[in-house]
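I opened my notebook beside the viewer today and wrote down what I looked up, one topic at a time.

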Amino acid sequence: MASHAMHVHTPPSGFIRKYIFSMDHKVIGIQYYFLALFSVFVGLLLSVLMRYHMVYPDAKVGFFETLWPTGAPGGVMTPELYLSLMTMHGTIMVFFVLTTAPQGGFGNYFLPIQIGAEDMAFPFLNMLSFWTTFVALVVMMAAFFVQGGAPLGGWTAYAPLSALGEIAGPGQGTGMNLWIISIALFCGASLMGAINFISTLIDLRVPGMTLMRMPLTCWAWFVTAILSLLGFAVLLSAGILLLMDRVVGTSFFLPAGLVVNDQILNHKGGSPLLWQHLFWFFGHPEVYIAILPGMGLASNILSVFSRKTIFGYRAMVYAMLSIGFLGFVVWGHHMFISGMSPYTAIAFSIMTMAIGVPSAIKTFNWIGTLWGSQIRITTAMLFALGFVSLFVSGGISGIFLGQPGLDLYLHDTYFVVGHFHMIMGVAAIFGMFAGTFFWFPKMFGRMMNETLGQIHFYATFLGVYAIFTPMHVLGIIGNPRRYADFKEFEFMGQAMSVHTFMTHSALFTAAVQIIFVINLFWSLKKGAKAPDNPWEATSLEWSIPSPPPFDNFGGKHLTVHHGPYEFSVPGKAKDYVMQVDPE
Amino acid sequence: MATEAKTGSLAALWGGGGSPYRIGSKKFGMWLFIISDSLTFTALLVAYTYLRMSTETWPTPFHFSPSIIFSTVMTLVLLSSSLTMVMAVHAMSHGNRGGTVKWLLATMAFGAGFVVLHMSEWMHLINDEKVTAFSNPWNEPLFGATFFGITGLHMTHVTIGVIYLGVIATGVGRGKFTYEDVEVSGLYWHFVDLVWMFVFPLVYLMSVKMH
């Protein structure tokens with residue numbers, strides 16, 4: 001086929017084509033990984049500042065004023081600054097960390113290798129997609145430094161607040177415009193990435209690599225790419241309409257008779273609910289875009305270190321496909337309190353409960369994989385186990401929130417904050433940590449330090465539970481979310497000590513991430529040389545040198561003979577069968 | 001079991017390298033783009049429907065003459081461009097590069113003609129009927145907003161399509177590009193036409209003045 005003949009692979013010469021504007025999927029994967037790593041530390045810093053302010057609202061911090069002269073006059077953070085930190089924390093984490101690292105980072109690096117391809121189907125598009133993401137990140141960061149600072153409306157950018165200009169708050173002027181432009185660029189980049197992932201997976205598998213022989217990571221990236229393809233297309237439309245409201249003066253999301261600062265605005269006919277529908281049609285699949293690659297990775301890692309085949313491979317695949325499908329029909333459960341017919345709410349609620357079924361199938365299959373196995377405890381395995389733990393803890397509170405009656409009470413409280421941070425935030429982050437420790441030897445040819453890794457795991461695992469479990473309790477006693485501080489709330493009196501505990505846990509958890517950074521960069525330079533297959537795993541990436549050569553397989557034409565998880569097969573000399581082993 | 005056997009043979013067929021449909025990556029990628037882009041347009045049309053349904057006094061100002069006659073001519077021009085695009089793909093399938101370039105140029109001419117007609121329609125609405133994206137004589141600002149938003153995004157697609165076909169035509173003339181490249185550009189072009197077939201009734205025909 002013509003498309004195959006086009007993959008002429010000679011390594012580029014020159015620093016810029018090799019490391020900056022590279023079309024090699026491995027370099028692009030590493031670029032995405034470090035982009036996300038940078039973003040996650042910006043997001044983490046913002047969250048620590050927010051937690052600090054919540055507990056010490058009157059504290060004078062010198063560098064707040066240096067960074068944000070108008071947002072923190074005299075070093076005391078204003079509520080507006082708090083809201084802009086919250087908005088940027090959410091946006092950066094959701095888009096530039098949870099969406100880029102598992103898919104753009106690990107997916108780019110390992111999807112082609114795991115299916116036996118030399119590169120992605122469209123290497124140029126791949127490069128374009130990374131650099132568009134990069135520009136989007138620069139535009140997003142620029143929002144901090146423009147007149148008025150970063151926007152205030154949260155990562156969901158609810159209208160009418162987001163559709164108004166500066167009149168709605170300091171960051172809602174230029175900052176909000178930059179936010180929308182950045183998100184629109186990000187949509188474009190994700191669409192390009194999605195087209196590339198799906199085409200690669202369908203067209204470039206080597207002979208013998210049937211769909212049901214793909215590692216579950218590939219299935220996860222595949223379903224994620226489909227969700228990106230459909231979800232970001234709708235967000236793009238919503239973003240265009242929002243930008244028109246702000247720049248051209250249309251009224252898509254602005255109803256008549258809106259009074260802001262004692263002025264009646266000259267808009268008519270628009271609907272703020274329309275924004276919510278369009279946003280959450282993207283927004284709900286987005287949470288699966290964040291978590292699905294983690295599910296694939298956890299499945300993969302649990303199987304490798306249990307030395308057992310994954311329990312119910314096909315069930316895992318069908319569960320991911322049904323989670324992907326159901327993800328598109330439940331967006332209304334984010335809008336129970338936005339004014340919705342109770343009948344519609346029941347329909348959305350039933351669909352939401354239905355997602356519990358494939359999620360439970362996955363959880364039981366993970367446990368089934370571990371059952372009776374001889375577990376090899378490595379850092380990668382610990383993080384995969386941590387992923388399962390957080391997925392269950394965060395998922396169960398999702399069942400609570402999926403019921404309109406309970407959601408009416410809980411929706412605007414810390415219960416929701418605890419829920420989505422556990423399942424979408426730290427569970428997905430644990431997936432990335434697991435991926436880092438699992439694949440680092442392949443990506444960089446060196447092993448990471450296991451001792452530092454395990455210390456980092458236990459500290460982080462305890463830390464995140466200490467931060468997010470109390471949030472559920474606070475939510476139940478009625479602690480509202482999105483508030484800069486709780487000085488005015490008398491009923492919160494005693495609960496403030498819980499907030500203090502959470503802030504200290506957050507400071508602790510953020511601090512121990514330094515162990516990870518030290519481990520990562522120390523291992524890059526000084527780690528022990530990695531063998532080709534340090535974990536005795538079976539998929540294709542472990543049959544080639546660490547790090548892989550430019551065209552991945554050294555020009556060899558592979559044929560795949562086995563499924564991805566053949567461990568402890570009776571009658572074999574070693575306890576695993578590589579996918580490329582002839583028999 | 002029958003279903004087992006069926007999935008078994010399908011798995012054997014789809015054993016790697018290409019799909020059961022045997023299409024190249026470029027064509028497959030374009031289909032994926034079309035799926036994605038159709039969702040972008042769907043979102044706009046759903047927004048339009050949502051806003052229109054919730055406004056009791058939505059205006060229907062277009063007269064049969066000249067608005068509907070004019071937009072029907074635009075539709076015909078765009079439909080003709082699809083026909084010439086089919087001819088271009090057909091010529092390329094016979095290796096006739098000269099013919100392909102001619103038919104592509106004809107398609108571009110129709111496409112450019114559509115954009116010119118559409119722009120004059122816009123200018124007429126803005127200057128003579130006083131309809132803009134944020135105000136109009138009927139005091140329903142969203143009429144203009146949805147009209148210009150939807151037709152504007154479509155016109156952007158046609159304009160990009162004309163440029164895209166220009167690149168393809170230049171390449172084909174110089175002996176570059178294969179049949180697949182022309183066919184893929186045809187997919188995009190027909191898709192843009194198809195979108196208009198939804199826009200035309202929803203935005204024009206449903207806005208005809210009733211007596």
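**Entry 1: helix α12 of chain A.** I began with α12(A) in this predicted model, a helix that runs over residues 342-370. I counted its 29 residues and took the span from the first C-alpha to the last, which is 42 Å. That is close to the 42 Å expected at 1.5 Å a residue.

Next I asked which residues of α12(A) are buried. My list reads Ala345(A), Phe348(A), Ser349(A), Thr352(A), Ile355(A), Pro358(A), Ser359(A), Lys362(A), Trp366(A) and Thr369(A).

Past the end of the helix I stopped at Gly372(A), which follows α12(A) and has a positive phi, near 65°.

**Entry 2: the nonpolar core.** I then looked up the largest nonpolar core, and it holds 229 residues. Those with the most contacts inside it are Ile198(A), Ile301(A), Ala384(A), Ala427(A) and Ala434(A). The element that gives the most to this core is α9(A), with 22 residues.

**Entry 3: chain A as a whole.** Chain A has 17 helices and two strands. Along the principal axes, its C-alpha atoms fill a box of roughly 80 × 55 × 50 Å. Of its 583 residues, 54% count as buried. Among contacts in chain A with a separation of 6 or more, 81% come from residues 24 or more positions apart.

**Entry 4: chain B.** I noted six helices and zero strands here. How does the radius of gyration of chain B stand against that of a compact globule of 211 residues? I have 21 Å for the chain, but the globule would have one near 17 Å. The C-alpha trace spans about 65 × 50 × 25 Å along its principal axes. In chain B, 37% of the 211 residues count as buried. Residues 24 or more positions apart make up 75% of its contacts with a separation of 6 or more.

For confidence, I wrote down an average pLDDT of 90 for chain B, with 91% of the residues scoring at least 70. Residues 1-7 of chain B have a pLDDT below 50, and beyond near neighbours in sequence this stretch has zero contacts in the model.

**Entry 5: where the chains meet.** The predictor gives the complex an ipTM of 0.91 and a pTM of 0.94. I counted 40 residues from chain A and 35 residues from chain B in the contact. On the side of chain A, the elements giving two or more residues are α1 (2-5), α8 (174-203), α9 (216-247) and α10 (272-306). The largest share on that side, nine residues, comes from α9(A). By type, I sorted the residues on this side of chain A into 26 nonpolar, 11 polar and three charged.

Terms used. Residues are numbered from 1 along each chain as its sequence is written. Chains are lettered from A and ligands numbered from 1 in the order in which they are written. This is a predicted model: local features need pLDDT of at least 70, side-chain atom pairs count only at pLDDT 80 or more; totals for chains, interfaces and linings use all residues. pLDDT is the predictor's confidence in each residue, from 0 to 100. Two residues are in contact if their C-beta atoms, placed from the backbone, lie within 7 Å. Helices (H or I, at least four residues) and strands (E, at least two) are DSSP runs, numbered from the N terminus. Ala, Val, Leu, Ile, Met, Phe, Trp, Tyr, Cys and Pro count as nonpolar, Asp, Glu, Lys and Arg as charged, and the others, Gly among them, as polar. The expected span of a helix is 1.5 Å times one less than its number of residues. A residue is buried if 20 or more other C-beta atoms lie within 10 Å of its own, exposed if 12 or fewer, and partly exposed in between; C-beta atoms are placed from the backbone. The radius of gyration is taken over C-alpha atoms; the globule rule is 2.2 Å times the number of residues to the power 0.38. A nonpolar core is a set of buried Ala, Val, Leu, Ile, Met, Phe, Trp, Tyr and Cys residues joined through C-beta atoms within 7 Å.
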